[in-house]
Amino acid sequence: MIEIKKLNKAFGEKVILKDISVEIREGELFSVIGPSGMGKSTFIKCLIRLLNPESGQIIVDGQDIGSTKNEFTLAKVRRSFGYLFQEGALFDSLTVMENVAFGLKYLTDIPKSDYPRIVKEKLALVGLKDVEQLKPSELSVGMKKRVSLARSVAAEPKYMLYDEPTTGLDPVTTGMVKDLILDMREKLKITSIVVTHDLNLALEISSRVAMLNDGEFVEVSEPSKFRQSENKRVKEFMEISHLSRTANGKKDCE
Amino acid sequence: MGLAEALGSTALTLKSVVFWFFRSKFELRETAKQAVKIGVDSMTVVALTSFFTGMVLALQMGQSMKNLFNEPMYIGTMVAFSILKELGPVMTCVVVAGRAGAVVTAEIGTMKVTEQIDALYTLGTNPTRYLLVPRYIAFMVTLPLLTVFADFLGILGGLLVAMVKLGVSPSVYMNDIFTFLDVYDFMHGFIKTFFFAFMIATVSCYKGLHTEGGAEGVGKSTTEAVVASMVLVLVMDYFISALLVAVGI
């Protein structure tokens, strides 16, 4: 379980997160939505201390990493997390095989001889085959995202963080990534945190949805309750998302 | 970023490099890869630079000696002295700072702006351990070796001009070197390269790790790293030379 208590983050004078407190339960799929630039990515980066919060507690399985400076404690806690980066963040100089096997080398004691088998399995899980020897520059955006997902789950993390998993993807690949996120949760029993501005994705796949606005969670509820929310910000966001979906639909028809 | 902040941040980076150098498993593959990129790939440009520097030194000194004494005297001594003590190490380090330093900054900078550095943390390793330590080792090992290579080719270039253009026999040229120079003259230049290598690695890695602002930021960091490294090689050269002279090397 992850407990976040009074988390604060600022960049200089600009306050990004204000006293955020939330509890993420075992096995749930928790989505954080909100307009771009509101600090969603900052929130999940703070969770595993890729960014250092100003104050607050981040308790992962009983271990508070909110303010620890011990590199080994941080590394130990980060081991239980997988992270799907917005642009994939695959290592350019390594092949797909080396990218997916990277975490196995540093996060597990699995013998090297087993890497090819595991890499194949994980790539199959994300619907890819015969790409092991390709370099990231030879992959499409959607493939990069899937390889990145395979890399993130290769060491079988307990928690999975998704940073804008569908941004920049076409509708078909978006659907595929959505199914993959649900698959990861069902097949691997991973607790997931998804950060997205795609309201429909969040409402479709999540156990709970939180809306981040001006550094605060203005609503945290199950999708059905979220849709009925009386919060002004939530209503506005839902309207804008609906309008933009309608506009995109019209564009597609034209 | 202010100077004090930059110095503090550099000190923290160095502390982290020292920490991971002693605490982590040696990344042989990554270190070898970097040694090839930094050392082997710089050999051609270092060879050309040092060979022609040796040639032009012999030509200019030979001409000056002829004008003064009607005889191209002590060409070997003067070429070797200049190459071993100053031009070999300094030219090599300036060339490597421009070529390999730029590669290192651009590579780490690109990794920074595309979140690959963050990905390293999430995949169980530390960027200092995986990226910086191998590059520091590669710079510290290959730069002194490249300098020996440059010294040799510089002296060879001088010999070629001494023989062909000035009519000095190879035995006289070599005799001039071995009579008037000793191992300390070589050591003077050789020792300096360790300081230069450490400085180039620090500047290149630091600038890469602090890159911000996409492709434009990578270009900016790379330019700043190259300029800073080149200027620092020349500035440090004076102070280290003065120190070595003071201790009798």
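Colleague: In which hand does helix 3 of chain A pass helix 5 of chain A, left-handed or right-handed?
Modeller: This is a predicted model. Helix 3 (residues 96–107) and helix 5 (residues 141–154) of chain A pack with their axes 7 Å apart. The crossing of helix 3 of chain A over helix 5 of chain A is right-handed.

Colleague: Is helix 3 of chain A roughly parallel or roughly antiparallel to helix 5 of chain A?
Modeller: The two helices of chain A, helix 3 and helix 5, pack at an angle of about 25°. Angles under 35 degrees count as roughly parallel. So helix 3 of chain A is, relative to helix 5 of chain A, roughly parallel.

Colleague: How do the residues of the contact of helix 3 of chain A with helix 5 of chain A divide by class?
Modeller: Helix 3 of chain A brings A:V96, A:N99, A:V100, A:F102, A:G103 and A:L104. Helix 5 of chain A answers with A:V147, A:A150, A:R151 and A:A154. By class, this contact has seven nonpolar, two polar and one charged.

Colleague: Which element of chain A gives the largest share of the side that touches chain B?
Modeller: On chain A, 16 residues are in contact with eleven residues of chain B. Helix 2 (71–78), strand 6 and helix 3 of chain A each give two or more residues to that side. Four residues, the largest share, come from helix 3 of chain A.

Colleague: How many residues of the side of chain A that touches chain B are nonpolar?
Modeller: Take that side of chain A by class. It has four charged residues and one polar residue. The nonpolar residues number eleven.

Colleague: Which strands stand at the edges of the six-stranded sheet of chain A?
Modeller: The sheet is open, with mixed pairing and the order 6-7-8-3-9-10. Two strands have a single partner each, so one side of each is left without a neighbour in the sheet. The twist averages 15° from one strand to the next. The edge strands of chain A are strand 6 (81–84) and strand 10 (216–221).

Colleague: Which residue of strand 8 of chain A stands opposite A:I33?
Modeller: Strand 3 (residues 29–33) and strand 8 (residues 191–196) of chain A run parallel. Five bridges join them. Opposite A:I33 stands A:T196.

Colleague: At what angle does helix 6 of chain A run to strand 8 of chain A?
Modeller: Two helices meet this sheet. Helix 1 (residues 40–47) of chain A touches strand 3, strand 7 (159–163), strand 8 and strand 9 (208–213), and makes about 150° with strand 8 of chain A. Helix 6 (residues 171–188) of chain A lies across strand 3, strand 7 and strand 8. Its angle to strand 8 of chain A is about 160°.

Colleague: Which strands of the four-stranded sheet of chain A does helix 1 lie across?
Modeller: The sheet is open and antiparallel, in the order 2-1-4-5. Strand 2 (14–24) and strand 5 (63–64) of chain A stand at its edges. Helix 1 of chain A runs at about 60° to strand 2 of chain A. The strands that helix 1 lies across are strand 1 (2–11), strand 2 and strand 4 of chain A.

Colleague: Which residue stands opposite A:V60?
Modeller: Strand 4 (residues 55–60) and strand 5 of chain A run antiparallel. Two bridges join them. The residue opposite A:V60, in strand 5 of chain A, is A:Q63.

Colleague: What distance separates the centres of domain 1 and domain 2 of chain A?
Modeller: Domain 1 covers 1–80 + 167–223 of chain A, and domain 2 covers 82–156. Each of the two gives ten residues to their contact. On the domain 1 side these are six nonpolar, three polar and one charged. Over C-alpha atoms, the centres lie apart by 23 Å.

Colleague: How many helices does chain B have?
Modeller: The C-alpha atoms of chain B fill a box of roughly 70 × 35 × 35 Å. Chain B has zero strands. Its count of helices is nine.

Colleague: How far apart are the axes of helix 3 and helix 4 of chain B?
Modeller: Helix 3 (residues 43–69) and helix 4 (residues 75–113) of chain B pack at about 145°. The crossing is right-handed. The contact has twelve nonpolar, eight polar and one charged residues. The separation of the axes is 9 Å.

Methods
Residues numbered from 1 in each chain as written. Chains lettered and ligands numbered in written order. Predicted model: local features only at pLDDT ≥ 70, side-chain atom pairs only at ≥ 80, totals over all residues. Pairing = 2+ DSSP bridges. Axes fitted to C-alpha atoms, helices over the stretch in contact; angles between N-to-C directions. Contact = placed C-beta atoms within 7 Å. Domains from an automatic or database assignment. Nonpolar A, V, L, I, M, F, W, Y, C, P; charged D, E, K, R; others polar. Parallel < 35°, antiparallel > 145°, perpendicular 65-115°, else oblique. Left-handed = near helix turned anticlockwise from the far one by under 90°.
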